[in-house]
Amino acid sequence: MEMKGQFAYYKTAKGFFNYRLKSFNKITIAVSGGSGYSSLAALKLGVESVRQNANAHIDDLTLKKKGEPLKYPKFEIYLDKANEFRFRLYASNGELLCISEDGYSTKDACKKGIQSVAKWSKDAVIVKEE
């Protein structure tokens with residue numbers, strides 16, 4: 001059996017499309033950012049953008065001494081209100097593509113989450129969420 005990730009999409013109550021990027025074992029790695037896509041075609045373009053930008057550099061916003069903000073495309077690592085590490089992926093035009101679904105207790109775990117986006121988005125199939 002080939003292990004593939006999936007972009008499982010669903011429609012929101014307001015009629016927008018969103019996705020969850022899942023690894024082969026159906027664990028959610030990341031969710032679409034923003035309020036959602038207006039159509040399934042737009043969502044598919046967003047998925048392609050995730051694939052194209054999944055190996056972007058990391059801008060660590062948790063460092064004490066911050067340098068110049070890195071240019072897009074990029075992942076940002078940041079601390080949330082619960083003091084957990086999270087990531088978000090931005091496209092080359094600065095549009096938010098996806099965010100981590102949950103916070104991570106360590107920065108290393110967060111970086112592994114980013115690596116999972118790159119690994120599982122590459123060949124992931126687009127499916128309607130069950």
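Student: A nonpolar core is a set of buried Ala, Val, Leu, Ile, Met, Phe, Trp, Tyr and Cys residues joined through side-chain atoms within 4.5 Å. But what counts as buried?

Tutor: Under 20% relative accessible area is buried, over 50% is exposed, and in between is partly exposed (1.4 Å probe, protein chains only). One caution: this is a predicted model, where local features need pLDDT of at least 70, side-chain atom pairs need 80 or more, and totals for chains, interfaces and linings use all residues. Residues are numbered from 1 along each chain as its sequence is written, and side-chain values use heavy atoms, without hydrogens or water.

Student: Okay. How many residues are in the largest nonpolar core?

Tutor: It has 28 residues. Y19, F87 and V117 have the most contacts inside it.

Student: Which elements give two or more residues to it?

Tutor: Among them are strand 1 (6-11), strand 2 (17-22), helix 1 and helix 2 (107-121). Helix 2 gives the most, with 5 residues. Helices (H or I, at least four residues) and strands (E, at least two) are DSSP runs, numbered from the N terminus.

Student: Switching to helix 1. Which of its residues are buried?

Tutor: L43, G46, V47, S49, V50 and N53. Down the axis of helix 1, they fall within an arc of 160° (directions from the axis to the C-beta atoms), so they line one face of the helix.

Student: And what is exposed on the other side of helix 1?

Tutor: L45 and Q52 are exposed there.

Student: New topic: rings. How many aromatic pairs are there?

Tutor: The count is 7. Rings of Phe, Tyr and Trp (its six-membered ring) pair if their centres lie within 6.5 Å; planes under 30 degrees apart are stacked, over 60 edge-to-face, the rest tilted. Take F7 and Y19: their centres are 5.2 Å apart and their planes at 80°, so this pair is edge-to-face.

Student: Where do those two sit in the chain?

Tutor: F7 is in strand 1 and Y19 is in strand 2, 12 residues apart. F7 counts as buried, at 0% relative accessibility. Y19 counts as buried too, at 1%.

Student: What kind of pair do F24 and W120 make?

Tutor: A tilted one, because the centres of F24 and W120 are 5.3 Å apart and their planes at 35°. The pair links distant parts of the chain, 96 residues apart.

Student: Is F24 buried or partly exposed?

Tutor: F24 is partly exposed, at 34%. W120 counts as buried, at 10% relative accessibility.
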